[in-house]
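Visitor: Hi! Could you walk me through a few spots in this model?

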Amino acid sequence: MRNSSTPNLQPLIGGIIAALIVLIGFNSFVIINPGQAGVLSVLGKAQDGPLLEGIHFKPPLVSQVDIYDVTVQKFEVPAQSSTKDLQELTASFAINFRLDPFNVVNIRREQGTLQNVVSKIIAPQTQESFKIAAAIRTVEESITKRSELKNDFDRALTERLDRYGILVLDTSVVDLTFSPEFAHAVEDKQIAEQRAQRAIYIAREAEQQAQADINRAKGRAEAQRLLAETLKAQGGGLVLQKEAIEAWRNGGSQMPKVLVMGGDSKGGLPLLFNMNDFQE
């Protein structure tokens, strides 16, 4: 009985050993896909050198590989600071970044997971960088010169995150708000500026009107001067006669149909006017 049972265990043991060999074989390699970087830990200790794209050997049973996404990541981070004139300024930044694949070992040792990177590194460094950019300008300058504020923020954040193996690709200001008191002050200032511009417009309009009156007065004076010269010249009487006829017509009195005016003492010919020619 004993001799017959022993041979039956050999195939079972052989199958177990073969399964262990296959399991160990599969556990001895790791594949790193594009856009990833790995950190090999043996007995809980991170090994130097990142595992980049490709297939890598790892000691079976006593090691593990932590995979990090090194493609572009985007997180929105709030920040708050006081400006140069001690006004409260609140902002929200969208940070586009990625992990440096050659520094993932240090990231694994010092920060651990990507969530820790965001909460322990990116968020506080965003806050500090915003303080640096906001403290050198007033709240009004922060709003009117928003691009300059962003440039100062970008430089400060890039320098700070580069120490941790975090590459900043782009940032954008999602929101920028200020205290209600300053909002009212800005509104009052805009109203005052609009009123000032309106006053300037009215003053210019009055100046133009005065200049127009002066030009009209000059025109009337010149017309009177020319009329006086005409009256002094030969034939001035004709002008006076025409002016009398115009005054007569405009006065509303009934005019004769024909008006005959005698010549002068030097034998001038009499003048015959058809008054219908002077009526509209």
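Visitor: Which side chain does the side chain of Q125 make a polar contact with?
Guide: That would be R160, at 2.9 Å. Keep in mind that this is a predicted model.

Visitor: And where is Q125?
Guide: Q125 sits in helix α3, which covers residues 114-135.

Visitor: Is Q125 buried or exposed?
Guide: Buried: its relative accessible area is 12%, and the buried class is anything under 20%.

Visitor: What does Q125 touch, leaving out residues up to four places away in sequence?
Guide: R160 again, plus L157, L161 and Y164.

Visitor: Switching topic. Where is S41, and is S41 buried or exposed?
Guide: S41 belongs to strand β2, residues 36-42. S41 counts as buried because its relative accessibility is 4%.

Visitor: Which residues does S41 touch?
Guide: Setting aside residues up to four places away in sequence, S41 touches A46, V62, S63, Q64 and D66.

Visitor: What about the surface, which residues make the nonpolar patch?
Guide: I24, L43, L61 and V62 make a nonpolar surface patch of about 410 Å².

Visitor: Where does L61 sit?
Guide: L61 lies in the loop between β4 (54-57) and β5 (63-69).

Visitor: Why does L61 count as exposed?
Guide: Because its relative accessibility is 66%, and exposed means over 50%.

Terms used: Residues are numbered from 1 along each chain as its sequence is written. This is a predicted model: local features need pLDDT of at least 70, side-chain atom pairs count only at pLDDT 80 or more; totals for chains, interfaces and linings use all residues. Side-chain values use heavy atoms; hydrogens and water are left out. Patches are made of residues with over 30% relative accessible area and no salt bridge: like charges are joined within 9 Å, nonpolar side chains (Val, Leu, Ile, Met, Phe, Trp, Tyr) within 5 Å. Accessible areas come from the Shrake-Rupley method with a 1.4 Å probe; for residues, only the protein chains shown count as cover. A salt bridge is a side-chain nitrogen of Lys or Arg within 4 Å of a carboxyl oxygen of Asp or Glu. Helices (H or I, at least four residues) and strands (E, at least two) are DSSP runs, numbered from the N terminus. Buried means under 20% relative accessible area, exposed over 50%, partly exposed in between (1.4 Å probe, protein chains only). Contact means heavy atoms within 4.5 Å. A polar contact is a pair of N or O atoms within 3.5 Å; within protein, one must be able to donate a hydrogen and the other to accept it, and residues adjacent in sequence count only if both atoms are side-chain atoms.
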